[in-house]
Amino acid sequence: MISVKNLSYSYNEDGNFAVKNIGFEVANGETFGFLGPSGAGKSTTQGILTGLLKLQDGEVLVAGYDIRKVQNERFNKIGVSFEQSNVYGKLTAKENLEYYAKLFDVPTRDPMELIHLVGLDGKENVRAGEFSKGMKHRLTFARSMINNPELWFLDEPTTGLDPAIAATIKNIIREQAAEGTTSFLTTHNMFIADELCDRVAFIIDGEIKLIDAPKNLKLQYGQKLVDIEYIDDSKIVKETIKTVDALERKRIGEIVNNYEIQTMHSKEATLEEIFIQVTGRELVYNETTK
Amino acid sequence: MKLLSNYLKEMKIAARGFYFYIEIAMAVILLAILLLVVSETSTSNRKQFVYNDMPQKIAEYLKDKSIKDGDARLTDATEFKLKPVEFVITNQETGETAAHDFDDEKIIKLETIETLDSSTGELAGTTYYAETEEDMIRLAYGESEIGATAAMDARGKVSYTYYLQGYETDKLKSLLYISHSESPSVINAKKDKQVVRTLGVMKTLNNRENLVPVFLVFAGSLMGFFIVLAYIFYDKAEGVIRAFAVTPSPIWKYLISKIFVILTTVVVSSSIITIPVMKGQPNYLLFYIFLIITTFAIASLGLLVASFFDSISKAFGVMYAIMIALLIPAFSYYIPSFDPLWLRFFPTYPMLQGFKEILLNGDAGYVLTFSLVFLAGGLVLFVLADKRFKKTLTV
């Protein structure tokens with residue numbers, strides 16, 4: 001669905017590259033996470049893929065179209081959910097969706113269905129200018145589905161949303177994936193990437209450091225651990241034991257046989273820990289997006 | 001269909017904003033000014049205060065004569081309030097100065113005679129006759145009008161001493177001098193020897209109509225320039241242009257829908273101003289063709305300017321400079337002697353002249369020629385704006 005080869009981009013065309021010679025492929029039906037901190041080159045890459053930025057160097061195929069050639073009809077297959085909400089404040093939620101629906105040449109979804117899907121029931125006739133930031137974000141997200149996109153660009157789809165609404169949005173993304181929609185998810189939130197993505201790419205300073213499935217990354221880079229809490233002389237004792245070490249595995253047996261176990265959890269390295277391990281850089285994200 | 005959808009959406013947004021109503025309200029205010037404040041004909045009711053330093057009977061005889069000749073008419077006496085005042089009068093011939101200091105306050109009634117235009121019979125001036133020279137001087141100073149003392153010498157010839165404000169032109173001073181230097185019979189005799197040949201009858205707009213082209217250009221097209229910028233920057237602030245850019249609809253449809261909204265408002269506001277004043281006089285087909293094309297060109301200029309900036313505050317300097325530049329041809333419109341060649345290259349110059357020709361039912365060739373020029377220029381500006389917007393979608 002997406003094929004990128006030797007892509008480079010410089011905003012001032014002065015040799016300072018926001019994206020440096022990157023390449024990747026996204027298969028049909030795949031949810032692909034593009035992860036990195038602010039300024040890593042995520043938005044630049046998405047800008048090029050969506051046609052908002054002009055392709056300078058490299059080859060890019062999106063939904064079967066060579067983006068070097070101007071072909072507006074490709075947008076019939078594409079949906080874009082922007083990080084910053086961008087809806088008409090003077091139009092109601094329904095009018096916003098109805099207007100956008102008319103801009104496409106393909107069958108579109110019922111605006112009321114989308115309004116219901118993102119939990120804006122009862123707000124369809126309220127002007128978007130009166131919406132909270134979260135409500136505007138949900139409307140922007142709903143708008144990106146109006147044309148039943150085959151390829152869906154999602155830029156920080158849960159940013160600024162409360163956990164319940166964020167869960168709803170994540171469910172919608174999963175449902176779309178189950179129906180075969182290809183998603184290109186740009187985020188600096190590793191938890192969402194871990195939950196939703198089939199594969200992730202780590203991008204930093206305009207370069208892709210690694211591409212793989214979250215599960216494979218955890219297997220490759222993570223240490224398997226077990227956290228045990230048990231009671232010894234009326235006191236709660238905590239131990240973290242590495243399961244790869246034979247002696248330590250034996251210790252788990254001793255604890256289980258001799259003490260009263262309070263809690264016992266196996267533990268994997270998080271995607272964030274792997275990101276730090278691979279890139280040497282931390283991701284910064286807003287608490288509300290966790 | 002997409003274009004119609006864009007246009008309807010833009011009209012809905014415009015109707016829910018205040019710019020649309022500002023333009024319509026402005027047109028209504030301008031129409032009210034034209035109909036209620038501006039008269040169709042220009043009147044110059046020159047006022048002067050006169051003290052007759054001559055025997056009462058002679059003064060009365062001179063006044064009665066001009067009334068009988070039909071040059072003047074006696075009206076009700078006019079009341080004036082004289083306030084305490086200090087001023088200095090300089091004699092222009094000798095350079096001598098005389099200080100005047102009045103500390104009293106009084107109300108006086110002056111005999112009033114209105115002088116009439118000999119050709120039209122309309123009011124041309126009003127003369128107030130003061131009983132003392134002091135009152136005349138105080139009134140001339142207080143009312144900022146001309147004052148005069150009319151005196152009769154031993155030979156029976158009337159001489160005038162004028163009290164001016166100091167800012168009058170040399171032309172007026174010469175006129176006052178000449179008008180009393182020769183007897184009217186001599187002037188008329190000389191005048192009768194002049195042969196006057198009429199070369200043609202020039203059609204002109206009356207006072208009220210003459211303001212319509214200016215209102216059309218500045219309240220219509222220039223407001224369009226400003227409002228299209230305002231609409232674009234509002235959309236940029238909301239980020240909706242980026243959302244539009246990821247739909248199959250081309251950017252030019254978004255831009256042209258903005259221009260259509262401006263055209264709608266300008267056509268409505270210009271009709272509000274023009275139709276009640278001009279009635280059936282102009283060629284309205286030509287009028288609307290010229291109005292639509294010039295507005296398209298100026299709005300396209302607005303789009304191009306908007307493409308270089310991401311907020312109205314950043315664009316303000318350029319926007320202001322362009323608006324001032326577009327206003328300059330108005331000076332030439334009102335001061336025909338100020339008509340340098342370079343001014344003709346300002347787009348508002350042919351716009352003003354074009355609207356004037358349409359309202360006069362004059363040179364349609366001039367109007368159509370400039371319609372083509374504006375159409376070509378507008379298309380170039382629109383294409384450039386489209387290219388700029390495509391390049392700056394992430395702004």
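Tutor: In this predicted model, helix H7 (residues 214-221) of chain A packs against helix H9 (residues 271-279) of chain A at an angle of about 60 degrees, and their axes are 10 Å apart. The range for roughly perpendicular starts at 65 degrees, and H7(A) and H9(A) are therefore oblique to each other. Their crossing is left-handed. On the H7(A) side, the contact is made by Pro214(A), Leu217(A), Lys218(A) and Tyr221(A); H9(A) contributes Leu271(A), Ile274(A), Gln277(A) and Val278(A). By class, the residues of this contact are 6 nonpolar, 1 polar and 1 charged.

Phe275(A) is among the contacts of Leu35(A) beyond four places in sequence. Others include Thr187(A), His188(A), Met190(A), Ala193(A) and Phe202(A). Leu35(A) and Ala193(A), together with Val228(B), have the most contacts inside the largest nonpolar core, a set of 130 residues. Helix H7 (residues 207-238) of chain B gives the most to this core, with 13 residues. A second, separate core has 11 residues, including Tyr128(B), Ile137(B), Leu139(B) and Ile146(B). In soluble globular proteins, nonpolar side chains tend to be buried together.

As for the contact between the chains, 25 residues come from chain A and 21 residues from chain B. Strand E6 (78-81) and helix H2 (93-101) of chain A are the elements that give two or more residues to the chain A side. That side has 13 nonpolar, 8 polar and 4 charged residues.

Methods. Residues are numbered from 1 along each chain as its sequence is written. Chains are lettered from A and ligands numbered from 1 in the order in which they are written. This is a predicted model: local features need pLDDT of at least 70, side-chain atom pairs count only at pLDDT 80 or more; totals for chains, interfaces and linings use all residues. Two residues are in contact if their C-beta atoms, placed from the backbone, lie within 7 Å. Helices (H or I, at least four residues) and strands (E, at least two) are DSSP runs, numbered from the N terminus. Ala, Val, Leu, Ile, Met, Phe, Trp, Tyr, Cys and Pro count as nonpolar, Asp, Glu, Lys and Arg as charged, and the others, Gly among them, as polar. Axes are lines fitted to C-alpha atoms, for helices over the stretch in contact, and angles run from 0 to 180 degrees between N-to-C directions. Angles under 35 degrees count as roughly parallel, over 145 as roughly antiparallel, 65 to 115 as roughly perpendicular and the rest as oblique. A crossing is left-handed if the near helix is turned anticlockwise from the far one by less than a right angle, and right-handed if clockwise. A nonpolar core is a set of buried Ala, Val, Leu, Ile, Met, Phe, Trp, Tyr and Cys residues joined through C-beta atoms within 7 Å. A residue is buried if 20 or more other C-beta atoms lie within 10 Å of its own, exposed if 12 or fewer, and partly exposed in between; C-beta atoms are placed from the backbone.
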